[in-house]
Amino acid sequence: MNTIADFLNNSYRIHPDKIAIIDNNSKLTYSELHEEVNNFSSFLNKFPKNSVVSLLFANTHEFVISYLGTINSGCIAHLIPIGISQKNLMDQISSAKPKLVLSSENYFSKIAEIESENIEKLRFSEVKKTSYQDRKPQPSDYAYLIYTSGTTSSPKGVPVTHSNCVFTTANIVRTLQYSQDDIDVLPLSLSHSFGLGCLHTSFYVGSTLIIHKTIEITQILDSIKNYNASTLAAIPSTLSKIVSNGFDDSSNTLSNLRLIITNSTFLPPETTKKLKKILKNGKVATYYGLTEASRSTFMIFDGDNNIESVGKSSDGISLKLISNNDESTIGEIWIKGHNVIGNYWSDEHTKENIIDGWLKTGDLGRIDDDGYLYILGRVDDLINISGEKVYPQEIERVVKVLTGIDDVVASPMKHDVFGEVVKLFVKKSAEYDISKTDILTHCIKNLERFKVPAKIEFVEDFPRTDYGKIKRFMLK
Amino acid sequence: MTLDDDVKKVFLETFPALSESDFEWGKTQKDYENWDSFAQLNLITLAEAKFEITFSDDEITSIFSAKNLLECIKSHR
């Protein structure tokens with residue numbers, strides 16, 4: 001298989017009558033999906049090959065048809081998160097320069113405001129079939145364009161080629177042993193690299209994909225139970241909620257899964273241990289990657305060692321740590337491999353961030369003697385306390401184990417004596433009323449003195465990007 | 001619990017290595033091996049959180065003992 005378009009075509013040929021996708025009780029077989037995708041592709045024949053088509057959809061089969069139809073027609077799918085602000089939407093459209101912006105009925109009001117004579121705006125229901133022309137993409141063509149979340153800076157357009165994607169998908173399938181027998185539950189946005197990678201994986205092997213619009217835990221558990229699912233892909237906070245005590249019978253429901261995969265956002269070791277205990281024969285795994293360099297490492301938690309690691313680099317992918325201090329074992333993570341994009345949408349970002357094929361990730365890491373990578377935080381997020389560099393994530397990990405913490409961010413605060421000290425922003429969980437004193441006492445017991453927060457502020461929520469990531473720079 | 005007990009608790013929580021029998025109200029900063037500038041910051045932060053008060057800069061620099069801390073907190077009540 002050389003392009004993403006081949007994934008569906010191949011699985012359709014092998015088992016046309018198998019259920020490809022389940023979306024809120026609506027099911028499409030590979031044959032039905034293949035036909036819908038080709039119909040959609042035929043509509044795009046009027047645009048030149050490699051035109052950008054912007055897609056604004058929740059997780060629905062309409063999204064899957066539009067995405068694969070765009071890819072199949074040799075166009076580039078620009079994926080827009082549904083939570084996008086109107087300003088960011090306009091910025092992305094201005095940068096991506098699409099020929100067509102398409103949405104589901106319920107998001108059409110957002111795209112209706114786009115003012116340009118050169119951009120067609122349509123609802124999914126308005127796409128009409130015409131005669132289909134085979135206009136398959138080439139491996140070196142861009143497949144999709146995602147704008148990074150901008151947790152530390154302005155969003156960057158990341159164009160990913162079919163070749164990047166085929167390499168990454170084969171890597172996922174090989175490492176995590178996906179097969180056509182799998183039934184995959186996916187409560188992740190398909191407009192994000194993690195969710196999209198899972199969609200590619202399902203169609204690559206010809207499994208059945210169950211997509212969820214939200215991360216309602218009871219619905220996720222129902223899907224696993226009702227469809228006898230074999231894999232679950234979810235972000236760490238979803239998994240932590242599932243294994244908390246609030247969901248009856250969750251252990252029984254999860255116990256037969258063969259795989260739970262999460263991503264490199266910190267997964268509390270306690271959650272990992274609970275999940276491993278619940279699974280009868282299944283595995284818990286995580287990975288490290290960026291939209292620009294998807295799935296660069298994998299970690300399968302077999303034993304109790306390296307439980308905070310994101311694993312080792314995958315075959316064909318190289319990692320190195322770059323530091324100003326030659327003796328330091330900690331540095332910025334640089335990645336090179338077939339999964340790494342060749343350039344950003346804008347040349348300016350390419351020059352700054354990609355050097356001789358090496359992607360500068362902006363993440364700080366440490367690699368142990370056995371080659372396991374540990375993510376310590378973002379280069380820009382370090383807190384400098386009297387010359388001591390403190391990783392916010394170290395403090396956040398300590399605080400997150402407390403009952404009653406929904407989310408937490410450690411941030412620098414100016415201080416007359418120490419230059420900077422730690423300020424902690426805490427979002428309390430609804431179920432338990434934790435006090436500042438509880439948090440500080442815990443920090444004093446578990447952190448070096450200079451890392452103990454000098455101030456704690458409770459917040460209702462955090463400023464977030466369109467993808468839901470916390471905008472740390474806004475808390476500084 | 002009295003205010004004295006609460007202040008003593010804050011003190012013992014800031015200095016986990018300090019046993020209750022070694023605690024004395026009049027012991028000053030120089031008598032504690034671990035009472036450095038960061039410990040001072042931890043002590044103030046914990047006391048402010050516990051008693052829901054904010055110390056002024058002058059007050060912070062005048063706290064050298066548990067007794068000083070107790071008096072400072074009393075002045076906010």
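Trainee: Is the crossing of helix 1 of chain A and helix 2 of chain A left-handed or right-handed?

Mentor: A crossing is left-handed if the near helix is turned anticlockwise from the far one by less than a right angle, and right-handed if clockwise. Helix 1 and helix 2 of chain A cross in the left-handed sense. Before we go on, this is a predicted model, in which local features need pLDDT of at least 70 and side-chain atom pairs count only at pLDDT 80 or more, while totals for chains, interfaces and linings use all residues. Residues are numbered from 1 along each chain as its sequence is written, and chains are lettered from A and ligands numbered from 1 in the order in which they are written.

Trainee: At what angle do the axes of helix 1 and helix 2 of chain A cross?

Mentor: Two packed helices are described by the angle between their axes and the distance between the axes. Helices (H or I, at least four residues) and strands (E, at least two) are DSSP runs, numbered from the N terminus. Axes are lines fitted to C-alpha atoms, for helices over the stretch in contact, with angles from 0 to 180 degrees between N-to-C directions. For helix 1 (residues 4-14) and helix 2 (residues 30-43) of chain A, the axes cross at roughly 140° and come within 9 Å. These two helices of chain A are therefore oblique to each other (under 35 degrees is roughly parallel, over 145 roughly antiparallel, 65 to 115 roughly perpendicular, the rest oblique).

Trainee: Which residues of helix 1 of chain A meet helix 2 of chain A?

Mentor: Two residues are in contact if their C-beta atoms, placed from the backbone, lie within 7 Å. Leu8(A), Ser11(A) and Tyr12(A) of helix 1 meet Tyr30(A), Ser31(A), Leu33(A), His34(A) and Val37(A) of helix 2. The residues of this contact divide into five nonpolar, three polar and no charged (Ala, Val, Leu, Ile, Met, Phe, Trp, Tyr, Cys and Pro count as nonpolar, Asp, Glu, Lys and Arg as charged, and the others, Gly among them, as polar).

Trainee: How does helix 1 of chain A pack with helix 7 of chain A, and at what angle?

Mentor: Helix 1 and helix 7 (residues 193-205) of chain A pack at about 40°, with axes 7 Å apart. Helix 1 of chain A passes helix 7 of chain A in a left-handed crossing. Ile4(A), Phe7(A), Leu8(A) and Ser11(A) of helix 1 meet His200(A), Phe203(A) and Tyr204(A) of helix 7.

Trainee: How many bridges join strand 5 to strand 6 of chain A?

Mentor: Four bridges join strand 5 (residues 100-103) to strand 6 of chain A, and the two run parallel. Ser103(A) has Arg123(A) in strand 6 as its bridge partner. Strand 3 and strand 4 of chain A also pair in the parallel sense, over five bridges, and Val53(A) has Ala77(A) in strand 4 as its bridge partner.

Trainee: Which way do the residues of strand 4 of chain A point?

Mentor: In a regular strand the side chains alternate between the two faces of the sheet. Ile76(A), His78(A) and Ile80(A) point one way from strand 4 of chain A, Ala77(A) and Leu79(A) the other way, and all are buried (20 or more other C-beta atoms within 10 Å of the residue's own; exposed is 12 or fewer, partly exposed in between, with C-beta atoms placed from the backbone). Five of the five residues of strand 4 of chain A are buried, so this strand is largely enclosed by the rest of the structure.

Trainee: Is Asn228(A) buried or exposed?

Mentor: Asn228(A) counts as exposed because it has 9 C-beta neighbours inside 10 Å. Asn228(A) is in the loop between helix 8 (217-226) and strand 11 (231-233) of chain A, and has a positive phi of about 50° although it is not a glycine. Arg295(A), in strand 14 (residues 293-300) of chain A, has a positive phi near 45° and counts as buried, with 25 C-beta neighbours inside 10 Å.

Trainee: Last, how many residues does the contact take from chain A and from chain B?

Mentor: The contact takes 15 residues from chain A and twelve residues from chain B. On the side of chain A that touches chain B, the largest share, six residues, comes from helix 14 of chain A.

Key: Pairing = 2+ DSSP bridges.
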